[in-house]
Amino acid sequence: MKNINVQQLRAFHALMKIGHMTRAAEFLHVAQPTISRQLQLLEESLGFRTFDRKSGGRLTPTKEGQLLFEQLERTLTTLDALPEISRGIRHYESRRLRVAATTPALNSDILINAVAALREANPHSTLHLERVRRENIEMVVANAEAEIGFCAMPIANSALDVVPLVSTRAVAVVAPFHRLADRPFLSIDDVPSEELILATTATIGGRLQRRDHVDDAPPPPVRVHLVLTGLRLAAAGLGVLVCDPLTATAFRAQNIRILPWRPDIRIDFCCIVSKERRGGVVLDELVQHLRRSAGDWQTAFEAEFGAPT
């Protein structure tokens, strides 16, 4: 069976459709001995006759030949349509984009506005937005599990191109009725340890330094797995969340106050793509939309909180 090839199957298919050796050969633009030989080789591989030969070159399908034809026709139709199918696949792949982002980036106005602009310009594009932990996102993009990543810097993987987007700093989030809500800014010395809320996935916690209690072991802060959970706790008046500003500004509607945090804890965000640049035109367009959206966000952030130092 391994000796059967497409030419033999096409010869058989043409003979079934036309029912005459000479006319089938003309249809396939081959010599009659060629199509006769192809049919012979096919029948030898199959182990049964597909036609009864009649005088004048006419052919009558055997029962086995008729059954083979019924099973084979859809396959050959698919083969004939293969160029169109491949064009469709290439078109889909050129329009499909997998985006990996950390929680702050995934929920940010920067990404949402960039996606909206991309969809307006490319309504037939297909986007997959996936939350990926910061420690995994570089590997995900480098291994082509996503065409683009959006996360905090720095980037260590040399297989990736880095496009800086925004330079920010951590902010404090409190409920409007919290006793610290009217402060111009907050620092670690303003917040008792038991009121401090940190996300376990963020790197901010290790960069907080309290001037007092140097030799003490203060009560640990409240730790949450997701920044969004911390926002809900802060909005309920249960503490002070220190987090990235992308998440905080995206959820102002949750009735929160966002205050500058001092001293600055700088957090720079970027998008990353493989140096092999998979993703085509749609990827390039998304990068441009991200840069424009990030520029607008940076301007608004600095107007409210000042430029990072």
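1. Strand β6 spans residues 160-169, and seven of its ten residues are buried, so the strand is largely enclosed by the rest of the structure. Buried here means under 20% relative accessible area, with exposed over 50% and partly exposed in between (1.4 Å probe, protein chains only). Strands are DSSP runs of E with at least two residues; helices are runs of H or I with at least four; both are numbered from the N terminus.

2. A word on the source. This is a predicted model, in which local features need pLDDT of at least 70, side-chain atom pairs count only at pLDDT 80 or more, and totals for chains, interfaces and linings use all residues. Residues are numbered from 1 along each chain as its sequence is written, and side-chain values use heavy atoms, with hydrogens and water left out.

3. What does β6 join? Nine bridges join it to strand β13 (residues 266-274), and the two run antiparallel. Ser-167 stands opposite Asp-268 in β13. Two strands pair if DSSP finds at least two bridges between them.

4. The protein chain as a whole has eleven helices and 13 strands. Of its 309 residues, 42% are buried. Its accessible surface comes to about 16,500 Å², and 52% of that belongs to carbon and sulfur atoms. These areas come from the Shrake-Rupley method with a 1.4 Å probe; for residues, only the protein chains shown count as cover. Among contacts with a separation of 6 or more, 72% are between residues 24 or more positions apart. Contact means heavy atoms within 4.5 Å.

5. Leu-246 sits in helix α10 (residues 245-250). At 0% relative accessibility, Leu-246 counts as buried. Asn-107 is 139 residues away from Leu-246 in sequence, yet their C-alpha atoms are 7.7 Å apart. Leaving aside neighbours within four places in sequence, Leu-246 contacts Pro-104, Ala-105, Ser-108, Ile-110, Phe-150, Val-166, Thr-168, Phe-269 and Trp-297.

6. Next, an open sheet. Six strands lie in the order β8-β12-β7-β11-β9-β10, with mixed pairing. β8 (186-187) and β10 (222-224) stand at the edges with a single partner strand each, so one side of each has no neighbour in the sheet. Strand β9 (residues 196-199) runs parallel to β10, joined by three bridges. Ile-197 stands opposite Val-222 in β10.

7. Helix α9 (residues 227-235) lies across β7 (171-174), β9, β10 and β11 (240-243). The helix runs at about 150° to β11. Axes are lines fitted to C-alpha atoms, for helices over the stretch in contact, and angles run from 0 to 180 degrees between N-to-C directions.

8. Helix α2 (residues 21-28) packs on helix α3 (residues 32-46) at about 100°, with axes 8 Å apart. That makes α2 roughly perpendicular to α3. The cut-offs are 65 to 115 degrees for roughly perpendicular, under 35 for roughly parallel, over 145 for roughly antiparallel, and oblique for the rest. Met-21, Thr-22, Ala-24, Ala-25 and Leu-28 of α2 meet Gln-32, Ile-35, Ser-36 and Leu-39 of α3. By class, this contact has six nonpolar, three polar and no charged residues. Ala, Val, Leu, Ile, Met, Phe, Trp, Tyr, Cys and Pro count as nonpolar, Asp, Glu, Lys and Arg as charged, and the others, Gly among them, as polar.

9. Helix α1 (residues 6-18) also packs with α3, at about 105° and with axes 9 Å apart. That makes α1 roughly perpendicular to α3. From α1, the contact uses Gln-7, Gln-8, Leu-9, Ala-11, Phe-12 and Leu-15; from α3, Ile-35, Gln-38, Leu-39, Leu-41 and Leu-42. The residues divide into eight nonpolar, three polar and no charged.
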